[in-house]
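Here is a short briefing on one protein model.

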Amino acid sequence: MSLLDRVKESGIIGAGGAGFPTHVKLAANAEYILLNGAECEPLLRVDQQLMELYPDEVIKGFAAAGRLVGARKALLGIKGKHKEVIAILKKRIEALQLGDFVEVKELKDMYPAGDEQVLVYELTGRVVPPAGIPIQVGCVVINTETALNVYYASENKPVTEKYITVAGDVPKRLTVKVPVGTPIIDVLRLSGIENFDDYAVIDGGPMMGPVMDHLNGYVTKKTKGLLILKKQHNLIKRKTTTMDQARRINKTCEQCRMCTDLCPRYLLGHNLQPHKMVRVTNYGLEDIEDQKMALLCSQCNLCTMFSCPIGIYPKHANMFVREKLVQKNIRYSTEQTQFEARKNREFRLVPSKRLIAKLGLYHFDQPAPMTEITVDPEVVHIARRQHVGAPAVPVVSLGDHVEAGQLIGKIPENSLGATIHASISGTVIEINDAFIAIRRD
């Protein structure tokens, strides 16, 4: 079986949150393969520790992925502040005799360095077209944990575990490896908190992660971080602002265009101007052509969480307009083929430390060390759709005994999707539209 087939059979998806099936990405032909080790969301600590603890595996998986796409160069992007990790990576690349192919490239400590299009520009100087994807400029991007999983796929090991950072206003900050399908509450309690009545939990990073409606969910292959904060924290209040509330607050917009001037996609040369979308929603403007720029928003949230001097919600305006356009099946298009980053871009990058301070997370910006803790859930609920594409089709039945690593869901025929595997050994006790549940032996 080829490595690409093993990647497909192993159920590897984008582990950074997007969840795009990796076998589809690696079936392309590209000039560059890029490793997204930026981990630019504040307080998350998974990628930097995986590169430090498993450098050989990450490098080998990344190099193997690069060969699959026919890349002439594999560029490993990591923030320059991680000097010890960079030294380890460079040493191991040399020891593995991959220096002519794999290269470490240092990134600025800014947000959002991990945005795919920002990463492509920082590492190659190329600008992905608006509404485009990296392959259009000869690049394929995978993240650190995905590269690690590619290595494991070469060893015939499917994705059954996930690395997660637990951080925030908690007694114990840590990064752990748990079985896919583990109850979220079991992971949260590792923080030293038992009663969460006074807390809210962000699923992911503080900028793009949503506040969870409840804590009854389960770990998926996309779960990257769980950020625990008091409900009265200003970040929680802003992230739970409804669309109607935001539109009322947006009436105070002064059209200063700071949201646009600091927008990462605008600075790459794209015609995304959040201040104009606030104007559209405030005054009910109907020029569809001028509204199409809302489709370019990456939802990085910088305009709302950092840029605006009076605290309105430009991202909500973008999303409001975007939803209207999607409902009408309107897409963004342009005849322009070449794009250049704006000349003032380098002076408008947002330093991570300033962002963390603005978010009110300064005191929580602490290490979350990788911790060897055995998490043995009695029952796991493995989502049939934890990836971009169609839900996995069950290949097991109620009452079946399965072993950890066994295939339990396949990709529907002629569909985009990913396989799923048992993360523990036990008995299948439930199969529904959302999950396959397994009770431990």
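In helix H7, the buried residues are Thr144, Glu145, Thr146, Ala147, Leu148, Asn149, Val150, Tyr151, Tyr152 and Ala153. That is 10 of the 11 residues in H7, which spans 144–154, so the helix is mostly covered by the under 20% cut-off for buried. The model is predicted.

**Ends of helix H7**
- After H7 comes Asn156. The phi of Asn156 is positive, near 65°.

**His270, in a loop**
- Where is His270 found? The residue sits in the loop that runs between helix H12 (264–267) and helix H13 (274–283).
- Is His270 buried or exposed? His270 has a relative accessible area of 1%, so it counts as buried, the cut-off being under 20%.
- Leaving out residues up to four places away in sequence, His270 touches Gln117, Val127, Val128, Pro129, Pro130, Arg265, Leu296 and Arg342.

**Leu68, in helix H4**
- Leu68 belongs to helix H4, which covers residues 55–68.
- Its relative accessibility is 28%, so Leu68 counts as partly exposed.
- Ala28 lies 40 residues from Leu68 along the chain. The C-alpha atoms of the two are separated by 8.2 Å.

**Overall fold**
- The protein has 17 helices and 17 strands.
- Its radius of gyration is 22 Å. A compact globule of 441 residues would have a value near 22 Å, so the protein agrees with that expectation.
- Along the principal axes, the C-alpha atoms fill a box of roughly 60 × 55 × 45 Å.
- Of the 441 residues, 56% are buried.
- Among contacts with a separation of 6 or more, 72% join residues 24 or more positions apart.

**Surface and charge**
- The accessible surface of the protein is about 19,400 Å². Carbon and sulfur atoms account for 47% of that area.
- The protein carries 56 positive and 49 negative charges.

How values were computed: Residues are numbered from 1 along each chain as its sequence is written. This is a predicted model: local features need pLDDT of at least 70, side-chain atom pairs count only at pLDDT 80 or more; totals for chains, interfaces and linings use all residues. Side-chain values use heavy atoms; hydrogens and water are left out. Helices (H or I, at least four residues) and strands (E, at least two) are DSSP runs, numbered from the N terminus. The radius of gyration is taken over C-alpha atoms; the globule rule is 2.2 Å times the number of residues to the power 0.38. Buried means under 20% relative accessible area, exposed over 50%, partly exposed in between (1.4 Å probe, protein chains only). Contact means heavy atoms within 4.5 Å. Accessible areas come from the Shrake-Rupley method with a 1.4 Å probe; for residues, only the protein chains shown count as cover. Lys and Arg count as positive and Asp and Glu as negative; His and the chain ends are not counted. The place of a charge is taken as NZ of Lys, CZ of Arg, CG of Asp or CD of Glu.
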